[in-house]
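User: I am new to this structure. Please walk me through how to read its features, one at a time.

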Amino acid sequence: MGEKIEDVLRGIIAKQAQLDPSAITPESALSELGVTSLDLVEIIMTIEDEYDVTIPVDAVEAWNSYKTVANLVELGHSLGLEGRRSGA
Amino acid sequence: MEHEPVVVTGAGCVSALGHSVEAFWSALQDGRCGLGKLSEPSPSDLKVSIVGAVPAPDPRHMLDARKLPMLDRFSVLAIVAAQQALAQSGLSFENGGHRAGCVVGVGTAGGEAIDELYGKIYLEGAKRANAFTVPRVMPSAPASQISMAYGIRGPVFTVSSACASSNHAIATAVWLLRNSVIDAAIVGGTEAPLTYGILKAWEALRVMAPDTCRPFDRDRKGLVLAEGAGMVVLERADHAKARGAEILAQIAGVGMSADAADLVAPTLEGAANAIRTCLADANLSVDAIDYINAHGTGTVANDITEIKVIKSVFGDEAKRLSISSTKSMHGHALGASGSLELIAVIEAIRRGIVPPTINIEQLDRECDLDVTPGCARARPIRTAISNAFAFGGTNAVVAVKRFDSL
């Protein structure tokens, strides 16, 4: 069983926003975590690297579409990423 | 044409001479050299051995750590200088910031991020760049970052003319203020050229001194590259007076010209025209000027031409002038030079002290004007000019007047 997408995302967001992962909940608004539009692009590109997938969104579209951590978890589910990355 | 005077109400800088205007001026007044051995980037095969690096602590530590990934070093230095200038001016933009601007002079942009990107994609075969690369590298980044930090919503942009960038930025802002497009602006220049790639490129020009920067010396060997940023708050005088701000000096005039000749060899006519245009703009005759902060890079091409230019513009008055090159202490910070030198001029006028040209052992016989060798000199200064004559033949000169002489 691989890692839950939610946990992987929490780690990626925490690293990008320089926060402790425990400070991040599904309800957290990305802007309230200090994530900027380009941080979000980096987060999406890191997801692409981690799962070897392509997520075809541009910076503005992403910023308008993904407002919360839960939105990104949903994105992960829609791409079928749940459980695809094995835990370290 | 009559216009509202443009005045300076705040100044800030970070340079090889330290992290504040106080540190900067104290070194200039004492004739202390901020140039030293290159340590970062590691010299490896670099021939450059002496640079003007900002001393420890790294100015990055003065900013919110979470903002740093989106800031290249030239933006870091610009924001640190802008913070100081704004704090001194007491200005804030809570009424929307639409009547405020930010104009920043930049010579080369984003050197750190470019080195990082090329290292990653060319050497390490990385598949992608960092998303922050473009916003870090864009020449307008420092101006944008300052506008975002302080809510400046009027004209915000970068001006670039190599080593004259700061003076062109100041000139541009002065025109915006005179024409009442805006009431106040953060204006200056920033440069962070001490990266491996940029140093390598400069080596190829064969203009870098192996020992130190000794403008007007018979044995000068070239310029010393430096990093730094200088920012001032410029305001329309009526705006500054209405809010009771302390006025540090007046920007009396600006003059711009181009050589339209050689990329690196300056012409006498081009530089002279910039000074004459500046004096005409300021409505000043040559006998009103007491001090010239020279471009004074320490290259043979510049120094000898600049002295000839001063003689040709000032005639008999040239002998009466105090002249100095403060680059002998803070180095040549390219696009930031004019802003650092503007601050040197403002402080010189306020304190009645001419900063020296240091490192002169044997004065060049062709530089036979008073270049203030060695030690600062007490002298009341009514009005001064600051010269910038850049590669590419772009020249810009700024005249600064003591405020009580309005």
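This is a predicted model: local features need pLDDT of at least 70, side-chain atom pairs count only at pLDDT 80 or more; totals for chains, interfaces and linings use all residues.

User: Which residue forms a salt bridge with B:Asp45?

Analyst: B:Lys200 does, with the closest N and O atoms 3.3 Å apart. The pair links distant parts of the chain, 155 residues apart. B:Asp45 sits in the loop between strand 2 (36–37) and strand 3 (50–51) of chain B, and B:Lys200 in helix 7 of chain B. Helices (H or I, at least four residues) and strands (E, at least two) are DSSP runs, numbered from the N terminus.

User: Are B:Glu227 and B:Arg73 buried or exposed?

Analyst: Buried means under 20% relative accessible area, exposed over 50%, partly exposed in between (1.4 Å probe, protein chains only). B:Glu227 and B:Arg73 are both buried. They form a salt bridge, with the closest N and O atoms 2.7 Å apart. By contrast, B:Asp45 counts as partly exposed, at 42% relative accessibility. B:Lys200 also counts as partly exposed, at 30%.

User: Which residues of helix 3 of chain B are buried?

Analyst: An α-helix has 3.6 residues a turn, so residues three or four places apart point the same way. In helix 3 of chain B the buried residues are B:Gly111, B:Ala113, B:Leu117 and B:Gly119. They pack against helix 4 (133–137) and helix 7 (196–203) of chain B.

User: What area is buried between chain B and chain A?

Analyst: The size of an interface is often given as the accessible area lost when the parts come together. Buried area is that loss (1.4 Å probe), summed over both parts. Here the value is about 930 Å², and carbon and sulfur atoms give 51% of it. B:Arg66, B:Arg128 and B:Phe132 supply 61% of the area that chain B buries against chain A, more than any other three residues.

User: How many salt bridges are there between chain B and chain A?

Analyst: The count is two. A:Asp49 and B:Arg128 meet through their side chains in a salt bridge (2.9 Å, N to O).

Methods:
Residues are numbered from 1 along each chain as its sequence is written. Chains are lettered from A and ligands numbered from 1 in the order in which they are written. Side-chain values use heavy atoms; hydrogens and water are left out. Buried area is the accessible area (1.4 Å probe) that two parts lose on being put together, summed over both. A salt bridge is a side-chain nitrogen of Lys or Arg within 4 Å of a carboxyl oxygen of Asp or Glu. Contact means heavy atoms within 4.5 Å.
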